[in-house]
Amino acid sequence: TRFATFWVENGEIVAPLNVMRFDETLYHIFGDKLMALTAERELIIETDTYEKRSSRSARLPGALVEDFTFTL
């Protein structure tokens, strides 16, 4: 939830989400529960830069996943 995660209903943002952890396996996220990926990709910059310099990053699409389970 570090990079703005929102509760969405009927394609509309309803509310921001607070700190949550997901309780899903990668097999479900990228398998039978994956509905779509965005064409646009976002640059995710490595945040592990305490006391050192990091140049790692990733360019990733957004994912639409159905029936996603979260835990507080």
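Glu24, Lys33 and Asp67 are linked in a network of salt bridges, a salt bridge being a side-chain nitrogen of Lys or Arg within 4 Å of a carboxyl oxygen of Asp or Glu. The model is predicted, with local features needing pLDDT of at least 70 and side-chain atom pairs counting only at pLDDT 80 or more, while totals for chains, interfaces and linings use all residues. Residues are numbered from 1 along each chain as its sequence is written, and side-chain values use heavy atoms, with hydrogens and water left out. Helices (H or I, at least four residues) and strands (E, at least two) are DSSP runs, numbered from the N terminus. For relative accessible area, buried means under 20%, exposed over 50%, and partly exposed in between, with a 1.4 Å probe and protein chains only.

**The salt-bridge network**

- The structure holds two salt bridges, and in one of them the side chains of Glu24 and Lys33 meet at 3.1 Å, N to O.
- The side chains of Glu24 and Lys33 also make a polar contact at 3.1 Å, a term for a pair of N or O atoms within 3.5 Å in which, within protein, one must be able to donate a hydrogen and the other to accept it, residues adjacent in sequence counting only if both atoms are side-chain atoms.
- Asp67 forms a salt bridge with Lys33 as well, and here the closest N and O atoms are 3.9 Å apart.
- Because Asp67 lies in the loop between β5 (57–65) and β6 (70–71) and Lys33 in the loop between α1 and β4 (34–45), this pair ties together parts that are 34 residues apart in sequence.
- Side chains of opposite charge can pair when their charged atoms come close.

**Surroundings of the network residues**

- Glu24 sits in the loop between β3 (21–22) and α1 (26–29), and it counts as buried because its relative accessibility is 13%.
- Lys33, at 14% relative accessibility, is likewise buried, whereas Asp67, at 60%, counts as exposed.
- Once neighbours within four places in sequence are left aside, Glu24 is in contact with Ile29, Lys33, Asp67, Phe68 and Thr69, where contact means heavy atoms within 4.5 Å.

- Strand β1 (residues 6–9) runs antiparallel to β2 and is joined to it by four bridges, two strands being paired if DSSP finds at least two bridges between them.
- Val8 stands opposite Ile13 in β2, the strand that covers residues 12–16.
- Ile13 counts as exposed, at 55% relative accessibility.
- Phe6, Val8 and Ile13 make a nonpolar surface patch of about 290 Å²; patches are made of residues with over 30% relative accessible area and no salt bridge, like charges being joined within 9 Å and nonpolar side chains (Val, Leu, Ile, Met, Phe, Trp, Tyr) within 5 Å, and the areas come from the Shrake-Rupley method with a 1.4 Å probe, only the protein chains shown counting as cover for residues.

**Positive phi values**

- Most residues other than glycine have a negative phi, and most peptide bonds are trans.
- Asn10, in the hairpin of β1 and β2 with its two residues between the strands, takes a positive phi near 55°, and Asn10 is exposed, with a relative accessible area of 81%.
- Asp67 has a positive phi of about 55° although it is not a glycine.

**Leu60 in strand β5**

- Leu60 is found in strand β5 and is partly exposed, with a relative accessible area of 44%.
- Leu60 touches Glu40, Arg41, Glu42 and Ile44, not counting residues up to four places away in sequence.
- The C-alpha atoms of Leu60 and Leu43 are separated by 6.6 Å, although the two residues are 17 apart along the chain.
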